[in-house]
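Visitor: I have a chain on my screen and would like to walk through it with you. Could you show it, and then take my questions one by one?

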Amino acid sequence: MEGLKEIKRGAEAVIYEGYFAGIHSIFKKRIRKKYRNPELDYEINSNRTKLEARLIYTSLINGVNVPALLLVDPTEFLIVMEYIEGVTVKDYLLSYSGSEENLKPVGKQMGEILGKLHKLGIAHGDPTTNNMILTNENEMFVIDFGLAKKAEEDEDLAIDVHVFLRSLESTHNKYQKVLFEGFLEGYKEFVDANKILEKVKEIRMRGRYVEERRKGSK
């Protein structure tokens, strides 16, 4: 891992930027947890690395804009993938000063990319605007499959939509309406959006109920 620049450190992994075989790349290395039994820790990190790589590859060969895999080493909990040149949608929106209506295509692109994943039965786990990259060619890419999994039921997909909606509400409230309208246009091209949205409503109602219970107990 020499000669690499650390760009992000999270609870589960460290992200580095560098070059692999002359290609501008991202190196993602999962972190060993000292509190876990070493054999269990190895198994968890190795399996998680393999699953993440498998889901990225499945997405890639089925036309989803994700970084191409360059190296996967489950024994070192390492994934090397191409570096996507661009800006996160979060940063793009935070600095945006144009017409609100012009953001609808951005929302649609995010809906299309999540819809494609869901059509494949993949729940991303953290589809926020910070994990979407807009390139200089106005292409949308989704990154960070660290929490991704094969969806076992519609609720797994609905949780993705709920997380996305929450990211709009908390970070981009000013543009939430037009972005979500665009999102739904793109999303419904690939999945039964109405069925998933019904599940989203259930999730949000449960969340409100829990929040009200917490407030009532204070």
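Visitor: In which loop is Asn138 found?
Guide: Keep in mind that this is a predicted model. Strand β8 covers 132-134 and strand β9 covers 140-142. Asn138 is found in the loop between β8 and β9.

Visitor: What is the phi of Asn138 near?
Guide: Most residues other than glycine have a negative phi. Asn138 is a residue other than glycine, yet its phi is positive. The value is near 60°.

Visitor: Which loop holds Asp144, and what is its phi?
Guide: Asp144 sits in the loop between β9 and β10, the latter being 149-150. Asp144 is not a glycine, but its phi is positive. That phi is about 60°.

Visitor: How accessible is Asp144?
Guide: Buried stops at 20% and exposed begins over 50%, with partly exposed in between. Asp144 counts as partly exposed, with a relative accessibility of 31%.

Visitor: Let's turn to the helices. How far does α3 reach from its first C-alpha to its last?
Guide: Helix α3 runs over residues 104-119, which gives 16 residues. At 1.5 Å a residue, the expected reach is 22 Å. The reach in the model is close to that, at 22 Å.

Visitor: Which residue just after α3 takes a positive phi?
Guide: Within α3 itself, the buried residues include Val106, Met110, Ile113, Leu114 and Leu117. Just after the helix there is a positive phi of about 80°. The residue that takes it is Gly121.

Visitor: What is the relative accessible area of Ile122?
Guide: Ile122 belongs to strand β7, residues 122-123. Leaving aside neighbours within four places in sequence, Ile122 is in contact with residues including Leu55, Leu117, Phe145 and Leu157. Ile122 is buried, and its relative accessible area is 0%.

Visitor: How far apart in space are Ile122 and Glu12?
Guide: Along the sequence, Ile122 and Glu12 are 110 residues apart. From C-alpha to C-alpha, they are separated by 20 Å.

Visitor: What do the buried residues of α1 pack against?
Guide: Helix α1 spans residues 38-61 and has 24 residues, reaching 35 Å where 34 Å is expected. Among its buried residues are Asn45, Arg48, Glu52, Leu55 and Ile56. The buried residues of α1 pack against β3, β4, β5, α3, β7 and β10.

Visitor: Is Arg204 buried or exposed, and which residues does it touch?
Guide: Arg204 lies in helix α6, residues 193-217. The limit for buried is under 20% relative accessible area, so Arg204, at 17%, counts as buried. Not counting residues up to four places away in sequence, Arg204 touches His162, Leu165, Arg166 and Glu169.

Visitor: What separates the C-alpha atoms of Lys201 and Ala13?
Guide: Lys201 is also placed in helix α6, and is partly exposed at 48% relative accessible area. Along the chain, Lys201 and Ala13 are 188 residues apart. Their C-alpha atoms are separated by 32 Å.

Visitor: Where does Lys188 lie, and how far is its C-alpha from that of Ile79?
Guide: Lys188 lies in the loop between α5 (176-187) and α6, where it is exposed with a relative accessible area of 55%. Lys188 and Ile79 are 109 residues apart along the chain. The separation of their C-alpha atoms is 32 Å.

Visitor: Stepping back, what is the radius of gyration of the protein chain?
Guide: The protein chain has six helices and ten strands. For 218 residues the globule rule gives 17 Å, and the chain comes close to this, so it is as compact as a globular protein of that length. Its radius of gyration is 18 Å.

How values were computed
Residues are numbered from 1 along each chain as its sequence is written. This is a predicted model: local features need pLDDT of at least 70, side-chain atom pairs count only at pLDDT 80 or more; totals for chains, interfaces and linings use all residues. Side-chain values use heavy atoms; hydrogens and water are left out. Helices (H or I, at least four residues) and strands (E, at least two) are DSSP runs, numbered from the N terminus. The radius of gyration is taken over C-alpha atoms; the globule rule is 2.2 Å times the number of residues to the power 0.38. The expected span of a helix is 1.5 Å times one less than its number of residues. Buried means under 20% relative accessible area, exposed over 50%, partly exposed in between (1.4 Å probe, protein chains only). Contact means heavy atoms within 4.5 Å.
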